[in-house]
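User: I am new to reading protein structures and would like to learn how to go through one feature at a time. Could you show me how to read the features of this one?

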Amino acid sequence: MMRHRFWVLPVLGMGLFGWALLAGSEVIPVQYLWNQNQLTDQQRAILWAIRFPRALSGVLSGAALGVAGLLMQTYFRNPLAGPFELGVQSGASLGVAVVLLTGTGIISTFSHILAGSLGAGLALFLMLLASRRTGGTASLLILGVLFGYVIGAVVNLLVFFSPADQIRLFSIWGMGSFGGVSPADLLWFGPIVGVGLLVAWLMAKPLNALMLGVTYAQSLGVGVGSVQTSLLILTSVLAGVTTVFCGPIAFLGIAVPHIARLYFQTADHRLLIPGAALWGSMLALFASNLTLLPGNGQIMPLNALMALLGLPVILWILFKRTTLTS
Amino acid sequence: MSSIKWIFFFIPITFLGCQPSSSSVIPDQSGCNTPFDPSRDYFPVQIQPEEAEGFSVTYHRNYKLVKVIRAWPGTSKTFTYVLKVCGAPMPKVSSDAVVTIPVQKMITTSTTQLPGLQQLGVLEKWVGHAGKSFITLPTLVAKAQTVAEVGSQELDTEKILGLKPDLVMGYAMGAPTDIHHKLRPLPISVVLNGEFAESSPLARTEWIKFMALFFNKEAQANLVFNGLKQRYRALQEMHELGPKPVVFTGSYFNGNWYVAGSNSFMSHLIRDAGATYAIQDTAATLTLDFEGVLGRTKNATHWIGTVPFKDEAAIRQTDGRFVMLPSARKGAYFAYDGRFFEAAVLEPDVILRDLRAIFYPDQTKGYRIQYFKGLQ
Amino acid sequence: MLSTENLAIGHRKKVLLEQLNLRLEAGELVCLIGPNGVGKSTLLKTLAGLLPPLSGHLMWNQVPVRSLSSQQRAQYLALILTDRVEAGFLTGRELVALGRYPFTGWSGQLTYEDQCCIEEAIQETGATHIAERLLMELSDGERQRLMIARALAQKTPVILADEPTAFLDFPGKAALFRWMYKWAKTEKKAILVTTHDLHLAFSFASRFWLIDRSGILTDLSPHDMVQAEVWKDTFPEWNMLH
């Protein structure tokens with residue numbers, strides 16, 4: 001019934017994408033976007049090698065994290081679940097750190113993605129085990145934050161015991177920015193997120209049933225075991241690949257599902273999954289554009305802006321939890 | 001802040017812990033090596049800073065009053081130290097620390113403090129160092145085998161106490177965790193060295209005079225510094241052949257670029273070597289995205305100090321787009337040699353000559369660059 | 001419709017009930033009663049095929065449950081539990097529509113027939129006035145009403161309900177028992193209900209499965225039940241009322 005609201009988002013999204021293409025130290029006039037042969041070589045390079053990948057990786061990260069957050073909130077039946085908050089992205093960082101710091105010399109994009117997703121999967125799995133032993137909405141969040149600290153500590157210790165050359169490699173790895181994704185990376189990043197989102201959307205039906213809880217879902221004919229395993233893998237890959245390419249990005253995954261629910265006034269995953277993907281993309285693009293506001297090529301830290309945008313949502317859930325619980 | 005943190009990444013642990021060499025001088029009853037003579041002028045040779053802005057000294061018959069005016073960049077706090085001869089009465093001056101000179105046992109906390117000790121010939125007074133694994137100059141590495149490690153990540157205050165030093169040469173960043181706060185309750189004289197807060201290379205090197213104050217090695221310090229200054233100025237005033245290169249120095253860390261501003265140490269060196277520094281409007285270090293670097297270094301012909309990249313393959317592997325930098329396209333990017341940061345204090349003239357050789361290769365044929373490494 | 005042969009149930013190694021030889025027939029409303037903790041819910045979930053039996057056989061319509069797919073199971077048996085449902089932005093109708101889960105395609109798209117089943121279930125349970133409201137605006141009782149409608153929309157021959165009256169007020173409880181009686185009689189459903197509302201159970205039940213404190217399950221007709229002293233031992237508090 002709220003489907004008409006859906007079509008506002010792509011229009012807004014296009015606007016933000018356009019802004020992302022125009023934002024930066026080099027001035028590229030708007031009309032040049034349509035009339036590209038007026039661009040100088042330098043401008044063309046900036047547009048296609050820097051701004052376009054940055055904008056697109058913002059879109060991909062936002063969509064991936066928004067949907068990963070939605071899957072986790074349904075899966076945990078907890079409005080405070082999110083890939084950053086429950087340490088899933090920290091797990092991915094750990095995976096990358098292990099590859100880079102204990103490096104066997106085989107360092108490829110694929111090994112990064114694999115390690116990141118495995119790390120994320122391990123963290124998610126441990127959180128699932130833990131969540132069965134704690135009740136309470138907020139206690140899961142506390143557990144996740146503690147868990148994130150532990151993983152951070154392990155990464156620090158890994159760094160401590162690693163040789164300087166390996167640390168050098170690790171230090172290059174991006175920490176929360178969309179600018180580090182090169183056009184070559186997009187050939188991995190894009191398809192993986194694309195397939196992930198499609199699979200998530202195909203799982204909308206069992207996800208809807210899972211909102212009633214595992215027992216009800218089972219009684220409705222959901223193959224709970226296989227659905228849960230698929231969700232675990234899917235969430236790990238979405239959060240993992242984003243972390244590998246852009247570093248840990250805070251608050252997006254927890255805030256976006258709530259924004260999507262509020263905006264569409266629905267809990268139906270058939271609408272929420274594309275909705276969360278769109279809202280995630282837009283929020284990520286918006287934050288990414290904001291980082292460039294100081295002008296002259298200077299950038300503000302992305303995660304600081306994410307915190308400012310996302311924290312109000314978390315507080316609102318804590319004080320007025322209306323979107324998932326009553 | 002993050003670049004500071006990055007430095008800590010490079011601190012491996014050390015298991016070495018050696019005892020300092022014991023002093024062979026036998027003290028008299030007063031505890032002094034020579035009896036105090038109140039009528040004597042103890043400091044016939046004096047130093048005065050010419051380039052350095054961070055310290056000053058006034059001489060009295062048997063004590064020196066040393067002020068560190070800029071212990072760290074941007075501070076307005078002045079630290080006052082009384083350096084007095086053994087046995088001399090305490091002057092009526094309020095001070096942050098009193099040091100009995102000449103110092104017999106000294107602990108250092110930064111590798112940049114060491115070349116000075118070596119050149120003043122007082123390395124045998126060196127008993128401890130924090131972060132020995134950072135030392136790269138071969139003579140110092142050899143000597144470091146005989147001094148104690150007093151903490152690679154965190155200061156080992158117990159070890160410092162046990163060494164009974166006359167002086168701990170520290171440095172501070174204006175943080176509550178700074179060394180002088182940490183060691184305040186202990187009966188140990190901590191003096192802050194503000195050498196790193198100087199932005200001009202000669203001023204930085206001149207802190208050898210500051211070091212000399214503690215060992216009464218003024219004559220030696222003047223000799224070393226005057227020679228160095230002469231060589232440096234001569235290089236600086238050489239006429240350039242051909243167009244002035246445009247140069248920048250920047251590093252890449254966690255997905256961001258950090259490009260040194262126009263008042264940085266490296267930018268001074270680069271200008272002194274006869275080049276133009278690419279960033280002119282901003283004194284402080286810039287945090288930039290890649291487009292920002294590209295825009296700011298549009299005319300740059302050289303990229304000096306390619307931290308953390310050691311070779312071109314590393315740059316390409318990190319992000320293929322980085323070769324879009326004009327300086328990289330020309331192949332004119334140079335990494336620091338590992339010994340660079342100690343050498344910058346000890347031999348700024350050699351570094352200047354290196355840079356000239358990079359900027360004007362035709363002028364300096366046959367010269368072998370020592371502290372930089374071309375990436376191609 | 002549903003039968004067991006030497007069934008033993010419980011968790012891990014702890015046996016709660018064993019040697020169960022039960023039959024639930026079409027047109028019956030069976031009330032499962034007994035004190036808390038004797039394994040009523042476990043029995044219900046085992047019969048629903050959600051918990052594996054420790055030993056013995058469980059047959060639905062003479063077919064071993066193990067051999068059925070999860071979709072086949074969901075088309076045969078619907079379950080009503082006391083689990084709180086927290087899905088704030090779901091409307092009442094969307095919740096009821098989830099009952100059609102085992103019949104819809106991969107996308108969950110509802111056909112005309114599905115829509116009819118949903119509408120019928122909503123009307124049957126008197127949930128029309130809450131069908132378009134969001135779950136987060138509804139009381140526990142209203143949600144439970146919708147969950148019952150959902151089970152009805154599932155159009156299964158068998159319904160198992162664990163304390164379905166728990167969140168309802170007394171008129172609600174009475175209405176629910178009346179409906180279940182009607183579904184059993186007119187639609188020939190087999191319905192098994194656990195409940196503590198004995199007075200309602202006496203009015204509507206076809207049979208009783210009584211579990212006493214020693215873990216023995218006795219199959220009793222309402223007549224036997226009134227006569228039997230056994231249930232008075234099981235519920236001592238009832239001795240005072242009768």
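User: How many residues of chain A are in contact with chain B?

Analyst: A contact is counted when heavy atoms lie within 4.5 Å. In this predicted model, 37 residues of chain A are in contact with 30 residues of chain B.

User: Which residues supply the area that chain A buries against chain B?

Analyst: Buried area is what two parts lose in accessible area on being put together, summed over both. Here chain A and chain B bury about 2700 Å² between them, and carbon and sulfur atoms account for 54% of that area. On the side of chain A, the residues A:F160, A:R168 and A:I172 supply 23% of the area buried against chain B, which is more than any other three residues supply.

User: What does the radius of gyration say about chain C?

Analyst: The idea is to compare the value with that of a compact globule, which for 242 residues would be near 18 Å; because chain C has 18 Å, the two agree. Along its principal axes, the C-alpha trace of chain C spans about 50 × 45 × 35 Å, and the chain has 10 helices and 11 strands.

User: What share of the residues of chain C count as buried?

Analyst: A residue is called buried when its relative accessible area is under 20%, and in chain C this applies to 55% of the 242 residues. As for the surface, chain C exposes about 10600 Å², of which carbon and sulfur atoms supply 53%.

How values were computed. Residues are numbered from 1 along each chain as its sequence is written. Chains are lettered from A and ligands numbered from 1 in the order in which they are written. This is a predicted model: local features need pLDDT of at least 70, side-chain atom pairs count only at pLDDT 80 or more; totals for chains, interfaces and linings use all residues. Side-chain values use heavy atoms; hydrogens and water are left out. Helices (H or I, at least four residues) and strands (E, at least two) are DSSP runs, numbered from the N terminus. The radius of gyration is taken over C-alpha atoms; the globule rule is 2.2 Å times the number of residues to the power 0.38. Buried means under 20% relative accessible area, exposed over 50%, partly exposed in between (1.4 Å probe, protein chains only). Accessible areas come from the Shrake-Rupley method with a 1.4 Å probe; for residues, only the protein chains shown count as cover. Buried area is the accessible area (1.4 Å probe) that two parts lose on being put together, summed over both.
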